[in-house]
Amino acid sequence: MADVDVVVVGAGLAGLSAARELVAAGKSVRVLEARDRVAGRNHGGFLSNGVPVELGGQWVGPTQDVVLALIEELGLETFPTYDTGDSITFLDGRAIRYSDVTFGLPPETLAEVGALWEKIETLAATIPPSAPWQAENAAELDRQTLDAWLAANTSDTVALRFFRHLVPALFSAESPELSLLHFLGYVRSGTNFATLLSTTGGAQERRVVGGAHRISERLAEDLGDRVRLGEVVRTIKQDADGVTVLYEDAAAGAAGSVTADRVVVAIPATLAGRIRYLPPLPASRDGLTQQIPAGSVIKVQVGYPTPFWREDGLNGFVLSVDDAFNLVLDNSPPDGSCGVLVGFLEGAHARAAAELSADQRRELIVTTLVKYFGPRAAEPFDILEQDWMAEEFTRGCYGGRLGAGVWTQYGKALSTPAGRIHWAGAETAQEWSGYMDGAIRSGRRAATEILDAR
């Protein structure tokens, strides 16, 4: 007799969602989480004044119906991201204020950006979300990097620089590091390019009161002692009768095991590839996990006594084509009791910044914010950073990416079960891949696979 019907590896949104569906269907479940907390790539923290901030994924928006419904079901609330006033683009040393959808770009560059944008939307609409590798011209789209396509489709150097700065904002990776097919499939899964990049009306529209990690915490509370923290899965064995999951208890330093009929692996694909599988996984799945690295990002929350930029008619959004700390938004609490700016070091900039000392990064961040918002930005009362590259059980954010040629050769293995092993995680979602909504959908899809299995 197995210990439980299903073991779930990972207590992020995907794993907890799978467990919840299975328990509701009458299955016995055990969730094994390596960390000493739930929520995975959602992570909450506090500034020194007690204001909660999000160190991981935080925004939800229109068409993310699954996560929005779950937030309401769990008794949580959302509030709008502050978006009143002008935004700023920094380009070649100039600060350009704007209040429309132009990003403040020069007219000739804006026209070229618009043309590229339209081409992206047209191509993305041809990608089947459930099987990007089956798209018309999939091989052609997959054999080139996004950067090669951008360079081949514009001679406007400013437009090219602009897109090369947008890409890390979505992937925490550079445009040469992902295939055109991967980029287009991601855009399609998130409705369209405009939705991915927008605040009001887009993916950054709302935040969860108290932080998005509370979604996972509520799910875990409902699951009770089915969720076990500090249990690091090392080996998964399967045979005709079921699975055996071997783990280490991080606190006790002892080994343990649990048997089940099936297992859901709901951790980033690059980490799933570090688990030992007996017998070995199919070559296609193993090949995939060798080629789906996570992005590079350091997320930074900067606290001020007040959101002083609002007094200058600014909404806090800055995109800089010139700087390393080049994407900033207003992340203040809903009551405006203090000011908070959230910013990111992404892709190549994150990798370079990780080599700096904490004091050097602080100097870089504060100096850049003074450039953006003036001398009042020089005196934050707190700076809180989260280097996701250094997280042992994440090793990067926002999600995994597929380089040139990978989707058409290995993509089918991303979510296809390997015997009694099922895969979940935001990257495996057909809709809102890489987002909280997609993570929840992926967990529910894995649960359905198990419930439908004979």
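Predicted model: local features only at pLDDT ≥ 70, side-chain atom pairs only at ≥ 80, totals over all residues.
**Group meeting: salt bridges, backbone details and an annotated site**

Asp 92 lies in the loop between S7 and S8 while Arg 161 belongs to helix H6, so the pair ties together parts that are 69 residues apart in sequence. Helices (H or I, at least four residues) and strands (E, at least two) are DSSP runs, numbered from the N terminus.

Residues are numbered from 1 along each chain as its sequence is written, and side-chain values use heavy atoms, with hydrogens and water left out.

Side chains of opposite charge can pair when their charged atoms come close. How many salt bridges does the structure hold? There are 23 salt bridges in the structure, and one that I would like to show joins Arg 97 to Asp 86, with the closest N and O atoms 3.0 Å apart. That pair links distant parts of the chain, with Arg 97 in strand S8 (residues 94–98) and Asp 86 in strand S7 (residues 86–91), eleven residues apart. Arg 97 is partly exposed at 44% relative accessible area, and Asp 86 also counts as partly exposed, at 22%; here buried means under 20% relative accessible area, exposed over 50%, and partly exposed in between, with a 1.4 Å probe and protein chains only. Arg 161, from the opening pair, is partly exposed at 25%.

The side chains of Asp 261 and Arg 262 also meet in a salt bridge, at 3.8 Å from N to O, and in this pair Asp 261 is partly exposed at 34%, whereas Arg 262 counts as buried at 12%. Glu 33, Arg 35 and Glu 391, for their part, are linked in a network of salt bridges.

Turning to the backbone, a cis peptide bond joins Leu 278 and Pro 279, with omega about -5°, and Pro 279 sits in the loop between strand S14 (276–278) and helix H11 (283–289). A cis peptide bond also joins Cys 397 and Tyr 398, with omega about 10°. Thr 63 has a positive phi of about 75° although it is not a glycine, and this residue is partly exposed at 37%. Ser 172, likewise not a glycine, has a positive phi of about 55°, but Ser 172 is buried, at 0%.

Which residue carries the UniProt feature "binding site"? The unreviewed entry places that feature at Phe 344, with the caution that UniProt positions are given in the numbering used here, feature names are shortened, and annotations may be inferred rather than shown by experiment. Phe 344 is found in strand S18 (residues 339–346) and counts as buried, at 4% relative accessibility. Leaving aside neighbours within four places in sequence, Phe 344 is in contact (heavy atoms within 4.5 Å) with residues including Trp 59, Lys 299, Asn 326 and Tyr 398. Tyr 398 is the residue joined to Cys 397 by a cis peptide bond.

Definitions and conventions: Salt bridge = Lys/Arg side-chain N within 4 Å of Asp/Glu carboxyl O.
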